[in-house]
Amino acid sequence: IGGGGTSYAAGNTFSITGNITLYAQWTINTHTITYNANGGTGSQTDASSPYNYNTLVTVKDQGTMSRTGYSFDDWNTQANGLGTNRAVGSTFFITSNVTLYAKWTLNSYDVIFDANGGSGTMSNQTIAYGASANLTANSFTRTGYTFAGWATTSGGAVAYANSASYTMSSAADVTLYAKWTANSYTVTF
């Protein structure tokens, strides 16, 4: 007690010449907290880890973690998101080693339709990242021209036919440009 006396390791033998009381000596357990990108890239570390048992821990932000086509949406104690949620900035008492897995929300992006010399309006079409959908049918018109399809640049070649399937592979809004073929007419004398 009070730091004095002789220490004996478990299993050691010693001679007893009278009554003796042995006091257990305790070392506090330490536990780590690990942040897992869970399908993303980058990292987050906690410079204070490991923590002493039952220390109040504050949950860190995502650090440099990112995932293409997704937004960071806090942490969970299981990779599948079915464990305990741990919001950024929340606190908990650490009593064992903990791994927090990033939770990600799938983003959706707009396909913006540009008349590219034609007239009329078309609403943007929203498609989730990585998903496929048939493009909204063209409703633009251009006098003297026939709609030929959609291009990825205003001067580019047709990349998608009218109402073709489109896969949102870009993690940003996309503009598709109407391509027009000039009509030809017959003059009869």
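I take contact to mean heavy atoms within 4.5 Å. The model I am reading is predicted: local features need pLDDT of at least 70, side-chain atom pairs count only at pLDDT 80 or more, and totals for chains, interfaces and linings use all residues. Residues are numbered from 1 along each chain as its sequence is written, and side-chain values use heavy atoms, with hydrogens and water left out.

**Entry 1: T95**

I looked up T95 first. T95 sits in the loop between β7 (91-94) and β8. Strands here are DSSP runs (E, at least two residues), numbered from the N terminus. Which residues does T95 contact, beyond its neighbours within four places in sequence? I found H31, Y53 and N54. H31 is 64 residues away from T95 along the chain, yet their C-alpha atoms are separated by 7.0 Å.

**Entry 2: the sheet with β8**

Next I followed β8. Four strands make an open sheet in the order β2-β8-β5-β6, with mixed pairing. Two strands pair if DSSP finds at least two bridges between them. β2 (33-36) and β6 (85-86) are at the edges with a single partner strand each, so one side of each has no neighbour in the sheet. β2 and β8 (residues 98-106) pair in the parallel sense, over four bridges. I noted that N36 stands opposite Y101 in β8.

**Entry 3: the other sheet**

I then turned to another open sheet. Its four strands run in the order β10-β9-β14-β12, and the pairing is mixed. The edge strands are β10 (125-128) and β12, each pairing on one side only. From one strand to the next, the twist averages 30° (axes are lines fitted to C-alpha atoms, and angles run from 0 to 180 degrees between N-to-C directions). β9 and β14 run parallel and are joined by four bridges. D114 stands opposite Y177 in β14.

**Entry 4: the cores**

A nonpolar core is a set of buried Ala, Val, Leu, Ile, Met, Phe, Trp, Tyr and Cys residues joined through side-chain atoms within 4.5 Å. In soluble globular proteins, nonpolar side chains tend to be buried together. How many residues does the largest nonpolar core have? It has 16, and V111, F113, F140, W150, Y166 and L176 have the most contacts inside it. β9 (108-114), β12 (145-151) and β14 (174-182) each give two or more residues to this core. The largest share, four residues, comes from β14. A second, separate core of 15 residues includes V57, M65, V98 and A102.

**Entry 5: Q125**

Q125 is in strand β10. Is Q125 buried or exposed? Q125 counts as buried, at 12% relative accessibility. The side chain of Q125 reaches the backbone nitrogen of T136 at 2.8 Å. Leaving aside neighbours within four places in sequence, Q125 is in contact with residues including Y109, V111, F113 and L135.

**Entry 6: Y8**

Last, I looked up Y8. Y8 lies in the segment before β1 (30-31). Y8 is partly exposed, with 37% relative accessible area. Y8 touches F14 and L22, not counting residues up to four places away in sequence. The C-alpha atoms of Y8 and L22 are separated by 8.7 Å.

Key
Buried < 20%, exposed > 50% of the residue type's maximum accessible area, 1.4 Å probe, protein only. Polar contact = N/O pair within 3.5 Å; in protein donor to acceptor, adjacent residues only side chain to side chain.
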